[in-house]
Every structure is written in structure tokens, then in C-alpha cells.
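Morning, everyone. Please bring up the structure, and we'll walk through a few places in it.

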Amino acid sequence: MMVNCCGLLTMNKEPVPLKSVEVELEVRDHVATVASTLNYENKEDKPIEAVFVFPLPGDAAVCHFSAKIGQTVIEAEVKEKQKAREEYDDALSSGQQAFLLEESAQSPDIFSLSVGSLPPGESASIRLEYVTELSVQADDGLRFCLPAVLNPRYQPQGSGISGGGNVQVTSLPASLVPYSLSFLACVTTCRPVSKIESNCTLDPLQYLNTEQTQATIKLASGHKFDRDVELLIYYKDAHQPTAVVEAGQASAKSGTVMGDPVVMLSLYPEFPQALMSSVASCGEFVCLLDRSGSMDSRINNSKDHQSRISSARDTLLLLLKSLPMGCYFNIYSFGSSYEHIFPKSVEYSQKTMEEALKKVGEMEANLGGTEILEPLKHIYSQPCIHNQPRQLFVFTDGEVGNTKQVIDLVKKNSHSHRCFSFGIGEGASSALINGLAKEGGGHAQFITGTDRMQPKVMQSLRYALQPAVVDISVTWDMPKNVSATVLSPPITALFQGQRSLVYAKLTGQTSEDAEGCVTVKYSLAGRLSQNQLQFSLKPAGDTGLTVHRLAARALIRSLEMEEREPRGQQDESVKKKVVEVSVQSGVSSAFTAFIAVKKGDGEVIQGPLVRRNVPTPSECFKVLYLRVLMACSLSADSFSARCLGKASPPMPIISSASQPPKDPLLQLVSLQKASGCWDLVPALAAALGKTSEEVEKLKPASVVNQEVWATILSLIWLHGVKMDAQEEWELLAIKAVSWLRAQNASCVKECVEAGNALLGCRVQEDALGL
């Protein structure tokens, strides 16, 4: 029986029709315009329909789509989705060439591109453009990600959900992806570019001017599009609030989003230092850990690195040790089903911490699929604890198919908690990870390549321990006869040093030197505060319509969220408004699609077109996929369908429960007690690289409490040996210092001197916070 390798080879065993991908990235300050060209060629002897399902950044605004066949260029139009599909089908049945680009109904970061009726021997170039905001990372770098990996998204049983554009995702090992990638980035900013880093090999950074405000960089030649391409762009003085005013489109009607000027404000609130230096000693901390089969994969596809689940276990160790005494906590884990360590959140103590750590050490990636909705519902069904604000930490590789349902649930419960999300590994859905944090008033992090999970999670824990910012309002002071209409959703969360973007449409006449002022007011720890930004209303030159398209995208997303809320008759009017804004702005939405048809003298096609699904790289279906195709008479489509319905069993890995962590830092951390102190035990001496005899010999004679000596030694080692990992241990060190102060020990100075001598360090007493 012949194996139907749909999406891998044609019937003549020729490569799939997608030949190459060319990407040009233009970055202006903290927004990016991306132009992708996909080159197709039909080497078969009959017309084909090529279908390519691929990921884009979750907040991207697709704003241009065109096709070039020979010397003919066809510009696509944005139309209501059902009308676009009907027009596409009609074109194909009459033998005309047609192209359809649409967003998945379930997740805004998945698109499907249908290249219809490509004649034998014909080539076609598809160009699509999108604009996106660049997120700010923990180290102030601006992150751009070009997703290559589209892992199969797990569909909950009985959900009735199908893939993006009703197309099955076909996956194959990244090394066998038969199309190439070329990538060039141009950066223009008002501040000097200090450096650009990537998870892929880059050619040297080229500066285009002496001020170093313009630069270009490209991928080294020979790059295989076998992983997400991530760029981190660093500016000097990145944390300055800015405002960009962009003139409206001359051909657009006044009063519309595209017709009027639009301002984009980038705000970096500064909070009083006294409030930021204090750490909350209360809260209910709920961790939700993905234990689906795909969490057994390596974070960066390398045998030399930990699996996702192993890294998550180490991270939970650090997080649990860093929680303040007096708080409450619980840990959930999920796959096709879900579990929790305690029936409800419990008070943090030595006993409950040890019980949780034992269970965490036994956790494996063995719970099947990725059904996150049910455990979230269970968490939200638990009553909140008085004076213990709920903080939810979600760890997942993001391979879910019901993204919008999950985000809607988080938004519905946003009044009762903050949600901090972590996307683990390449292929994590940016729409899911960013959506959880945005609607949950928290912060999103992505862990890819050689990233360590721990520092990113600890930064989010620091945010969670900051007092919650409430009663946020944005007010505008504009010249007479000028008004501002905010297009973006209300700001629901503010964190020290993190950026908030606001888009507003400006109506009315202004003079050349006119200025506006925006004021952000909020309440922090019971104290009213505000930040102001004055800005010129003069439109910036040479910005294209990037700001307008991002503003339209923000408005569309707000309306789509509104449409999904149960409102009866109003749903249709909101949907109509989304379609109207999408068509006017030329920006994609859940209810519209791009359609391009080449009118010609095509003959009516007799019988169905040959359909070719273009594969995407996959991390987690590597060898298994090939073995099944080669050894069994199982089609690629049916294989994908089975994998989307039921995850494969994971490979067994050895539990860490019975073994101490090999990393000396994690070994030291694992020995810390919930109160913040350490016991003087042989395992501690080993973690410090000493014998018990050496530690005992140099102990000052005045030491009465052995725990004081052990705790000071641990702090000296952290400060003297592990300063490069300070982000990871800073919070548990604060807890240790608080414990030491409460002891009122008179031997601290002697212990610090003896500890430095023992460990070969030169850490001063005040550096320890003592």
C-alpha cells in the first residue's frame, strides 16, 4: 500500500512547492515592520493548491498581501472572511489563480496561506507584510521573534475545534524542511544602538552613521530555517518615555482611524524608591505547570541542555525557597488531566514547603495533552484568601489550540488575580503567553535557545511581590479644538521599569509648535502617584503608516474581546465594527481575510485540485514522525490528526526526587529552610566546596547558634562566588538577612571575617545587608 506523504513529497516524489522564504525586518525604535516573501514553484504536470500553515507573532498586524506571477503583480484586498472564501473557491473552480490568507479562528498567531490553481511549471512569489511591537526583556533588550516552529496545537477532546483555516498542521524534522531562509534587519532609532544579539549566527553588525543610530545586520549565509529566529536589540538610555505622532493617510476619510493623525505613547512609569525596596510578605502564589508529553523536549533542541520539565522543576525549587513566610501557596500541574499538591492553598511553612518540594521532584512530562482550561477553572473556583492577593504563575510550552477560550477565562477573572506567564521552548504560542499576562495584569517571559528559566521567573516573582498598582487612569491635556480618542485597551497593570503603550486618534486643527500632555495617575500601596509626558503634536516624518496600523490592530483586538463577551444582539454589531475597521485599515482580524485573484482566461477545472500541505518545522515530532511514515502505511494527515487528539507517551527520564541537584547553587538553595536560614550539615559544606571539618575548624568560638554561622557562610558564598546569578538568589538572600537580623547575634562581624577566610572571598558586612 502506498504511503500518502501529503505535505512532504509530491506524487512524483518532488519537493513540496514552497522553495524559499526571504524576510526583511525594519525596526524603528520599539516597533517593527516585517516583509516576508514566499517563493513557490509547481513542478508537477497538473495544477496544484499549496496550503502553508505558519505562525506569526501573536500581536502582529498583517497589513499587506500580494502575489507576483511572472511579471504580473496582484494586490490582495481585505474582505469579510466568508465572502473571501467564497470568492477564492469560485476563482479556483473557474481555473483562475487565487490566493487566500486568513487568521485562525482559535489563535491569532496562526495563519494559513492557500495558493490556488498554480499551473504546471509556474512560479509564484507571495509577499506579506506585518507590523508588531517589540517586547521589553528583563535586561532591557527589545525582543523580535520570527517564528519558524509551529508545533501541533493540542485540541481538547470534545472541543470541536479544528486547525487554523481548517487545515491540519503537517510537521517534520527541522533538518528536512525543504525551503531556505534569508533574513536582513535594518534598525533606525533616536538613541544609539549598543548591540544586537541572536540565537542564530549573525554577520557582524554594520553601523550606517557615526551616531550609531542606524544599523543593519543579517543572518550568516547557509542558515537552515530550523528554529525560531530571535533578535535582541539593545539601545542606550532605553527607558525614556516617548511619543510619536503620525499623519493620517491622505486618501482616507477624515474621522476614521486611518484618516486622522494617531499618537503612540511609550510610557515607563517610575515608582517611589522607598516602595520598591520593600518586599511584600503576603500573597497567595499559585503555580500551574505544564506536564504534557512535549515538555520532555529540550529547550533548545540540544542534548547538552535540560529538558523543559527538568528546568521547570529547578525553577520551582528556587521559587518556593524565595516565597515570604506568612504567604499562601499551591502547585497545580496539567496535561490531559490535572493534579494539585494541596486541596486548597496552604500557609507557607517548613512542613508545607518540604511536602511541595518532594512532589515537585517527582513530576514528569507524563500527563498527555495540553488541556489548560480545566485547571484554570478549578483555580478560579477557589475563594480568594483575605489580604492575600492571588498571583498565578503559568509554565507551558504553549501547544494549545483553544487559545482564545483560555485568554477569555483569564480576562473574566482578572479582577481577582495577576497572571505571570512563561513560554518554554521554540514554538510556544506568543498569542497565549502574551494574552495570559496582558489580560491577567501580569508579565510575560519567553525561555528559548540557551536562556535559563530561573532568572526570568525570579524577575516575575519580584514583580509579583511589588505592591499592585490600582486605579490607573490616563488623562489628556490638549490644545483648544484638539481632542484625543484612545484606541488601545485600558492599562490594567504597571510595573517598575516596564513599558506601557497607548494609542490615540487626534481630531482637530493644530499649529506647528502645538504640544499635548498625557498624565498617568495610579495608586500604589495606598499612595496616589502620577507620571507626565509632554510631547509635540507635529507629525514625525517618514514613518509610513506603522503607527496607524498598530493602533488599528489594538482597536480590533479590543473589539474582538468585546465581541466574545456574552451580550446577545450586540455581538453582531461589534463584529460589523471589527470588519469595518479591518477593511478600512487593511489590517487582518479574526473576521476578515486577504483575497487576491488573477483574472484570466482560465479553463474550468474538471475534478478536484491536487492539494499539497507545506510542512513546518517541529521539535517534538522529530524521529517519531519519520519512523511512522517510513514503517507504516499511515498518511501524514491522519498522523497529525492522531497527534492532535492524543499525545504520544513520553520517554522515561530519571526523577530528581532522590538525587540532590548537581549545580552547587541549586544544591545550596535546596538546603535553605523556609524561614531563610541554613542548618550546619555536611551537605552544606559540600555545596560550598568544603569538608565538614574545615567548616567546623574556622567557626568562631563566640558562635552560639550554629544556624547563624551556616547562614552567614551561605550569604558570603552567594555574594563572593555567584554574583553572576544574583537575579536568581536575591530574594532568598533577603529572606536570610531578615532571619539573621531577628536573631540579634553578637558574633556577625567575626563570622563574616572567618567566612571570608574559609571561602577565599572578600565580601564586606554591609554588602551582605547586615
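One definition before we start: two strands count as paired if DSSP finds at least two bridges between them. And keep in mind that this is a predicted model.

Now, the sheet. Strand 27 and strand 30, residues 515–524, pair in the antiparallel sense, over 7 bridges. Look for S473: K521 in strand 30 stands opposite.

Next stop, T132. This residue lies in strand 9, which covers residues 123–133. Is T132 buried or exposed? Its relative accessibility is 2%, and the cut-off for buried is under 20%, so T132 counts as buried. Its side chain makes a polar contact with the side chain of D59, at 2.9 Å. Leaving out residues up to four places away in sequence, T132 touches V31, A32, P57, D59, A60 and L550.

Last, a helix pair. Helix 13 is residues 664–671, and helix 16 is residues 706–721. They pack at an angle of about 150 degrees, with axes 12 Å apart. Over 145 counts as roughly antiparallel, so that is how helix 13 runs relative to helix 16. Their crossing is left-handed. Who makes the contact? From helix 13, P664, L665 and L668; from helix 16, S714, W717 and L718.

That's the tour. Over to you.

Terms used:
Residues numbered from 1 in each chain as written. Predicted model: local features only at pLDDT ≥ 70, side-chain atom pairs only at ≥ 80, totals over all residues. Heavy atoms only, no water. Helix = DSSP H or I, 4+ residues; strand = E, 2+ residues; numbered from the N terminus. Buried < 20%, exposed > 50% of the residue type's maximum accessible area, 1.4 Å probe, protein only. Polar contact = N/O pair within 3.5 Å; in protein donor to acceptor, adjacent residues only side chain to side chain. Contact = heavy atoms within 4.5 Å. Axes fitted to C-alpha atoms, helices over the stretch in contact; angles between N-to-C directions. Parallel < 35°, antiparallel > 145°, perpendicular 65-115°, else oblique. Left-handed = near helix turned anticlockwise from the far one by under 90°.
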